Amino acid sequence: MFTNRSSGRLRAALALLVLALVAVLTACGNSSSDAAGTGPREVASAKGPVKVPAAPQRIVVLNGNLAGYLYDLEATVVAADPRLLGVPNKPGEFPTGWAEDAKKQGTQAVPSGENINLEFIAAQRPDLIIGGGQGYPGQQSVNAYDQLSAIAPTVLLPTETTYWQDQLRFIATTVDKPAKVDTLIANYQAKLAEAKSKIKAPAGATAVMQSIKSQKPTLFVPSAALPTLLAEVGFTLDTTVEAKAGNPAKEQSADFISFSPELLNTVIDAPVLFTIPLSGGRSLEELRADPMYATLPAFVGNKVFELPATSSRPDYRTVMTTLDLLVERFQ
């Protein structure tokens, strides 16, 4: 015969059993949900689809031109190649555009050299490697893709993805951090519209030249990032530079062409010219003093303008700065 006390104990035991069952079911449900959220994702890459972690925590980026996006997206970067094309820096020194971010995260500088330092990269215990894109570091990661893939999932930005908005979206998808993309692009679109309303671009076709250490004539192709930006704010690009140069061969990752000095007057006949002095290259004033350049239409017409090396392949941060520079010069 049950007493009130035993009845109460039974009810209490049943209540505890129900709570335990609920806890188990909840845990199972959460476990299933977490497993779905933390499993590998398949993302696009220049070498084909790659399975990457859902939330990578130890990212190594092998092209300095891509590192800024990862900091903008608040991703964790354990190591980054500090090189930006044409921007001089000391060994182990990060570009000013994201040096502070690297310091806050404790990002290590990937040693620079003729070949990628695979031992250093492996020592970082990366769960994701990002490379590819334009420039020599991008080509290095393409060349070492098989070795890098043996260390960790390796995603390469396609060479033809030259404009920063597309690069940002690609990186955001790769690291699964899409939340800030629309805000960053909206900020840029607003600044672009304002800049375009103020800029009075000179009439005539425009070419963009890199001034490099070897002094070999080098022009950005019209589809490169900086020429694209100039077109967006009202400049008319010379779209025939490659044909005039004889369609010279270039590296897969290159967004520029080089050609013989004998073709200088044929290729750079645009009335408007931008020069980008890269590390070891000549400044605008030094180019003016060279008789070969002094006779070019843009120099004769005094329509040659210099932009810093950081503008050559702008990411989100440097594209905003470059817009400010263009407004300051051409309003």
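Tutor: Contact means heavy atoms within 4.5 Å. This is a predicted model, in which local features need pLDDT of at least 70 and side-chain atom pairs count only at pLDDT 80 or more, while totals for chains, interfaces and linings use all residues. Residues are numbered from 1 along each chain as its sequence is written, and side-chain values use heavy atoms, with hydrogens and water left out.

Student: Which residues are in contact with Leu219, leaving aside its neighbours within four places in sequence?

Tutor: They are Ala207, Val208, Met209, Val241, Phe256, Ile257, Phe259, Val267 and Ile268.

Student: What makes a set of residues a nonpolar core?

Tutor: The set must consist of buried (under 20% relative accessible area, 1.4 Å probe, protein chains only) Ala, Val, Leu, Ile, Met, Phe, Trp, Tyr and Cys residues joined through side-chain atoms within 4.5 Å. The largest such core has 81 residues, and among those that touch the most other members are Leu70, Trp164 and Leu219. Its largest share, seven residues, comes from helix H15 (residues 316-330), a helix being a DSSP run of H or I with at least four residues, numbered from the N terminus. Another core, of twelve residues including Leu62 and Ile116, lies apart from it.

Student: Why is Glu74 called exposed?

Tutor: Exposed means over 50% relative accessible area; Glu74 has 57% relative accessibility, and therefore counts as exposed. Glu74, which is not a glycine, has a positive phi of about 60 degrees.

Technical notes
Helix = DSSP H or I, 4+ residues; strand = E, 2+ residues; numbered from the N terminus.
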